[in-house]
Amino acid sequence: MAARAPELARSLLAALLAPALVALLVSPAWGRGGRDHGDWDVDRRLPPLPPRDDGPRVARFVTHVSDWGSLATISTREEVRGRPFADIISISDGPPGEGSGEPYMYLSPLQQAVSDLQGNPEATLTMSLAQTAYCRNHGFDPQSPLCVHIMMSGTVIKVNETEEGYARDSLFIRHPEMKHWPPSHKWFFAKLKISNIWVLDYFGGPKVVTPEEYFNVTLQ
């Protein structure tokens, strides 16, 4: 009986811990879609897609509901110097429902993308509705033009002091984990200064949208 005591103790401990472990696995994370965060994947919160023939409005819509994108830079890494290099960057253009259209980022000099941008600040940012419930609900593959995505080209710049407060609020409300990232990484707020926009939302090639058309849109 004494020999079975450790085994019984382990079984009892496992039975006590199991509910807590399950709760941790199914509870929302503290990032996108987590507690106190505007979860665009909830159908009732995802606004309807604008008419596909309105390229500027579709572009603003995709930017606003996107929490992350793929940022392509020109690499400074020795083994791939001068070649395209892409990484995932968390973004926000404003609090949910109040987008400015400016894709803000929280960057650190320790990131490869920032090293690349110091050598060449030009970049392309791609955002897709594949990150929301829209494409899943409609059965659209992420590569399909029907799963709307946009490409923006421009220059990544550090935001000025006047804009920094809005950039901080915009990012931290969607990415609350950022508030706890180590200060030693010398984080700073930046944005893509947009020069070109392409909207791929249907077959036949992308629509070209000018920055002026894009920023003239009023989100509803």
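Student: Among contacts in the protein chain between residues at least 6 apart in sequence, what percentage join residues at least 24 apart?

Tutor: Start with the term: contact means heavy atoms within 4.5 Å. In this predicted model, 70% of the contacts between residues at least 6 apart join residues at least 24 apart.

Student: What conventions apply to the model and its numbering?

Tutor: This is a predicted model in which local features need pLDDT of at least 70 and side-chain atom pairs count only at pLDDT 80 or more, while totals for chains, interfaces and linings use all residues. Residues are numbered from 1 along each chain as its sequence is written, and side-chain values use heavy atoms, with hydrogens and water left out.

Student: How many helices and strands does the protein chain have?

Tutor: Helices (H or I, at least four residues) and strands (E, at least two) are DSSP runs, numbered from the N terminus. The protein chain has 6 helices and 7 strands. Their order from the N terminus is α-α-β-β-β-α-β-α-β-α-β-β-α.

Student: What share of the residues counts as buried?

Tutor: Buried means under 20% relative accessible area, exposed over 50%, and partly exposed in between (1.4 Å probe, protein chains only). Of the 220 residues, 40% count as buried.

Student: Which residues of helix α2 are buried?

Tutor: They are Gly55, Pro56, Val58, Ala59, Arg60, Phe61, Val62, Thr63, His64 and Val65. That is 10 of the 11 residues of α2 (residues 55-65), so the helix is largely enclosed by the rest of the structure. Its buried residues pack against β4, β5, α5 (161-174), β6 (188-200), β7 (207-209) and α6 (211-215).

Student: In which sense do β5 and β6 pair, parallel or antiparallel?

Tutor: Two strands pair if DSSP finds at least two bridges between them. β5 and β6 pair in the antiparallel sense over 10 bridges. Ile150 stands opposite Val199 in β6. β3 and β6 are also antiparallel, with 4 bridges. There, Leu107 has Phe188 of β6 as its bridge partner. β6 and β7 run antiparallel too, joined by 3 bridges. Ile197 stands opposite Val209 in β7.

Student: Which residue takes a positive phi in the hairpin of β6 and β7?

Tutor: Look at Gly204, whose phi is near 110°. The hairpin has 6 residues between the strands.

Student: What does the side chain of Ser128 reach?

Tutor: A polar contact is a pair of N or O atoms within 3.5 Å; within protein, one must be able to donate a hydrogen and the other to accept it, and residues adjacent in sequence count only if both atoms are side-chain atoms. The Ser128 side chain reaches the backbone nitrogen of Ala130 at 3.0 Å. Ser128 lies in strand β4 (residues 122-128). Its relative accessibility is 17%, so Ser128 counts as buried.

Student: How many salt bridges does a search of the whole structure find?

Tutor: Side chains of opposite charge can pair when their charged atoms come close. The criterion is a side-chain nitrogen of Lys or Arg within 4 Å of a carboxyl oxygen of Asp or Glu. The search finds 9. One of them joins Lys191 and Glu163 (3.1 Å, N to O). Lys191 lies in strand β6 and Glu163 in helix α5, so the pair ties together parts that are 28 residues apart in sequence. Both Lys191 and Glu163 are buried.

Student: Which side chain meets Asp201 in a salt bridge?

Tutor: That of Lys207 (2.5 Å, N to O). Asp201 counts as buried at 1% relative accessibility. Lys207 is partly exposed, with a relative accessible area of 27%. Elsewhere, salt bridges that share partners join Asp67, Asp93 and Arg174 into one network.
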